[in-house]
Amino acid sequence: SLTDRLSGAFKHLRSKGKLTPADIDATIREIRRALLDADVALDVVRSFTGEVRERALGEEVSKALNPAQQIVSIVNEELTKVLGAGVDRPLNFAKKPPTIIMLAGLQGAGKTTLAGKLGYWLKDTGHTPLLVAADLQRPNAVTQLQVVGERAGVPVYAPEPGVQSGSSDVVSPGQSTGDPVKVARESLRVAQEKLYDTVIIDTAGRLGVDQELMTQARNIRDAVQPNEILFVIDAMIGQDAVQTAKAFDEGVDFTGVVLSKLDGDARGGAALSVASVTGKPILFASTGEGLKDFEVFHPDRMASRILDMGDILTLIEQAQKQFDEDEARQAAEKLSEGSFGLDDFMAQLQQVRKLGSMKSLLGMIPGMAQHRKELEQFDEKEIDRTEAIINSMTPQERHEPKIINGSRRARIAYGAGTTVSAVNGLLQRFEQASKMMRRMSNGSRSMPGMPGMP
Ligand code: GDP
Ligand code: MG
């Protein structure tokens, strides 16, 4: 499995101080496999790993305390960059309503479902959307959109017999024949008349890319000049994503991407392929058949999903723990020599901080749920306060905490901008930690907890 492979790779890296180009290539190979497993297109994998390799061979990795971790964070950064420069791209609204959003994509991609979700979401955020049935290819496509619209509580404009007046804005299905370009054009007039501020145009898809489909989509586009053309792509499509995305990019020159069916097993490789090949931003993710299974797309989260960062970060954490154990062992040795002081205590705190700074990253990952409690206990501010106190001690006080009497405590508290009782608390914790470590160095095999934890 990926976990085992990377585990092997990291174990290997951990035992080395410096990475050789061969080490880096071995790691890159694992990452390459991880990307291919996530169904990222081969060309995309090639250029991507090429770039990562270049950075990995550079200074930032050779100088890193933990080179393996550094490489993973480079990969994560680069993935996030490709997926959207690390920022969420908002929907582009027209300065003068209505905002026109056209949906394009293969049959079954999830366009009609998305129309309902988008409508529901827009309504929920104070907009007045109108869904437009411009898929007149399949006999029941209009009915499907109407069912979706009804569920979302969003009106639907369909061909024939036109918008009805009366209690409901929802138009009756009519026949599934007619001219989609005309329907799209007329819907704009209706939106202006009835003051709908967003128009979501559902279009027909085919099972594969074909010229007729693309021509129709282009004709609709040219007739209504949308503010957004959203290309909807099934995340499960895998290696076909590149070819499909390219065809729609050339065919309709879409402005953004929506990834659908992200609730499935798909690791999201399609996202990377599409973003990389088209350079277009991904705006939304569709994560189920329900109306609310829809979210704004976050590049960083997708990067984690593609790389299965849950596994990787757990490995790093384990590596980090190992590192901490080594440190603790050294501390124990010092202790038995009677030379463990507050300086060493501070070094331990910095270990804690290292894990703490990964908190937000780790917390995002579903697999990390069982560790969430532990993560929440990291209080970086508490560590800051503790460090400030230790910093305002003299070297002698740090080395020999016993000499810290009342007046010294007052001076330290003043210097650290805190209270005497906070200084007392720290000295108590230090005493406890020292005891624990003494016990450990006396033969107990159990490791002490993090002494910096309040
Ligand atoms: P269209 O042909 O592009 O309009 O696709 P549809 O909206 O009709 O969706 C095709 C099928 O995929 C339907 O059965 C939908 O219920 C299903 N579907 C759409 N989006 C999602 C999604 O995000 N997750 C899952 N699991 N199914 C979806
Ligand atoms: Mg449809």
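Predicted model: local features only at pLDDT ≥ 70, side-chain atom pairs only at ≥ 80, totals over all residues.
The largest share of the shell around ligand 1, three residues, is contributed by helix α6, which spans residues 111–124. The shell around ligand 1 has 18 residues, of which Gly110, Lys111, Thr112, Thr113 and Ser286 come nearest.

Eight strands make up an open sheet with mixed pairing, and their order across it is β3-β2-β4-β1-β5-β6-β7-β8. The edge strands are β3 (156–157) and β8 (294–296), each of which pairs on one side only. Helix α7, residues 141–152, packs on this sheet and touches β2 (129–134), β3 and β4, with a direction that makes about 165° with that of β2. Helix α11 also packs on the sheet, where it touches β5 (228–234), β6 and β7 (282–286), and its direction makes about 165° with that of β6.

On one side, β4 (residues 198–203) pairs with β1 in the parallel sense over four bridges; Thr198 of β4 is the bridge partner of Thr99, and Ile101 stands opposite Ile200 of β4. The pairing of β2 with β4 is likewise in the parallel sense and runs over six bridges, with Asp202 of β4 as the bridge partner of Ala133.

How many of the residues of β4 are buried? Six of its six residues are, and the strand is accordingly described as mostly covered. In a regular strand the side chains alternate between the two faces of the sheet. In β4, Thr198, Ile200 and Asp202 point one way while Val199, Ile201 and Thr203 point the other way, and all of them are buried.

Is Val156 buried or exposed? Val156 counts as buried because 29 other C-beta atoms lie within 10 Å, where the cut-off for a buried residue is 20 or more. Val156 and Pro129 are separated by 27 residues in sequence, and their C-alpha atoms are 9.1 Å apart in space.

Most residues other than glycine have a negative phi, and most peptide bonds are trans. Asp39, in the loop between α2 (21–37) and α3 (42–56), has a positive phi of about 70° although it is not a glycine. Asp39 counts as buried because it has 23 C-beta neighbours inside 10 Å.

Lys261, which lies in the loop between β6 (256–260) and α11 (269–278), has a positive phi of about 60° and is not a glycine either. With 24 C-beta neighbours inside 10 Å, Lys261 therefore counts as buried.

The remaining exception concerns a peptide bond. Which two residues does a cis peptide bond join? The bond joins Pro97 and Pro98, and its omega is about 0°. Pro98 is found in the loop between α5 (67–82) and β1 (99–104), and β1 is the strand that pairs with β4 in the parallel sense.

Definitions and conventions
Residues numbered from 1 in each chain as written. Chains lettered and ligands numbered in written order. Helix = DSSP H or I, 4+ residues; strand = E, 2+ residues; numbered from the N terminus. Buried ≥ 20, exposed ≤ 12 C-beta atoms within 10 Å, placed from the backbone. Near = placed C-beta within 6 Å. Pairing = 2+ DSSP bridges. Contact = placed C-beta atoms within 7 Å. Axes fitted to C-alpha atoms, helices over the stretch in contact; angles between N-to-C directions.
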